[in-house]
Amino acid sequence: MVEQPVLSVKNLKTYFYLKERVIKAVDGISLDVYKGRITAIVGGSGSGKSVMSLSIFDLVEKPGKIVSGEIWLNGVNLRNLREGQFRKIRGRQISMIFQEPASSLNPVLKVKKHFSEVIRSHNIAVSSKEALCMFQDVLSRVGLKNTGQILESYPFELSGGMCQRVMVAMGLLANSQVLIADEPTSSLDLTTQAAILDELVRLKNEGLAIVLITHDLGVVAQMADDVYVLKDGKIVDSGTVYKVFESPKHDYTKALLASIF
């Protein structure tokens, strides 16, 4: 029996309508994401990586608009759902680690409150003591110490790197079927990067489907199973990591690989 993808994007187009022109940020992207595999989305700045992830979550803000395409999650086309229906899936069946922690965390809510909101939105029935243990565990898994103090802190009291790790921990806490990680190790030191990447590999081995959005081909070579290369909103190369690295088809992919080898 052929395995079916957990997440399947078909001919997705997301355009930004400016006064002077239309920017085709995502222009006909199709990709499949499978359980127990890390699928890397690679490309330079402005290639459409982050807009694609926001489109999957239906979080594109004006003047951006999803023009067409299908987004299938476990056999359900998310594009056909009303916002109330989508809200029940977003963060439960599919979760995301956002690229900019400063804009993703509410500055007037303590870290503990952010985590509690994740628990509440997932209807996870745990006692306050059990929840606290869960919070401290995920913070430890992303390399943070003094977890009790961090939980009682506001985001503005933490460094940018610490906020980034808090965002990663929130994504792990969601315990969803698909995790989209948008540059999850940016602004982190090498030791912490390694800890977070190791945690993603562990989750993959437990069956989680992971979409890793990155510009770092070294990370892709180290941990990804499949890779899609984006340029100007289009996929120019795709396949297993071995296939793309050994036999790149597009000149853009060849240029990316030449920059690290």
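**Entry 1: largest pocket.** I looked up the largest pocket and found about 690 Å³ of space in it. I took a pocket as an open set of points on a 1 Å grid over the protein atoms alone, where a 1.4 Å probe fits, with protein on both sides within 12 Å along at least five of seven lines; lining residues have an atom within 4 Å of a point. The volume is the space filled by probe spheres set on the points, which are joined across faces, edges and corners. Of 24 lining residues, Arg 90, Gly 91, Val 118, Ser 121 and Met 170 are the closest to the centre. I noted that α4 gives the most to this lining, five residues.

**Entry 2: basis.** The model is predicted: local features need pLDDT of at least 70, side-chain atom pairs count only at pLDDT 80 or more, and totals for chains, interfaces and linings use all residues. Residues are numbered from 1 along each chain as its sequence is written, and side-chain values use heavy atoms, with hydrogens and water left out.

**Entry 3: second largest pocket.** I recorded about 240 Å³ of space here. Asn 175, Ser 176, Gln 177, Gly 207 and Leu 208 lie nearest its centre, among 15 lining residues.

**Entry 4: core.** I then turned to the largest nonpolar core, which has 50 residues; such a core joins buried (under 20% relative accessible area, 1.4 Å probe, protein chains only) Ala, Val, Leu, Ile, Met, Phe, Trp, Tyr and Cys residues through side-chain atoms within 4.5 Å. Phe 115, Leu 139, Val 166, Val 220 and Val 227 have the most contacts inside it. Another core, of 29 residues, lies apart from it and includes Val 9 and Met 96.

Note on methods. Helices (H or I, at least four residues) and strands (E, at least two) are DSSP runs, numbered from the N terminus.
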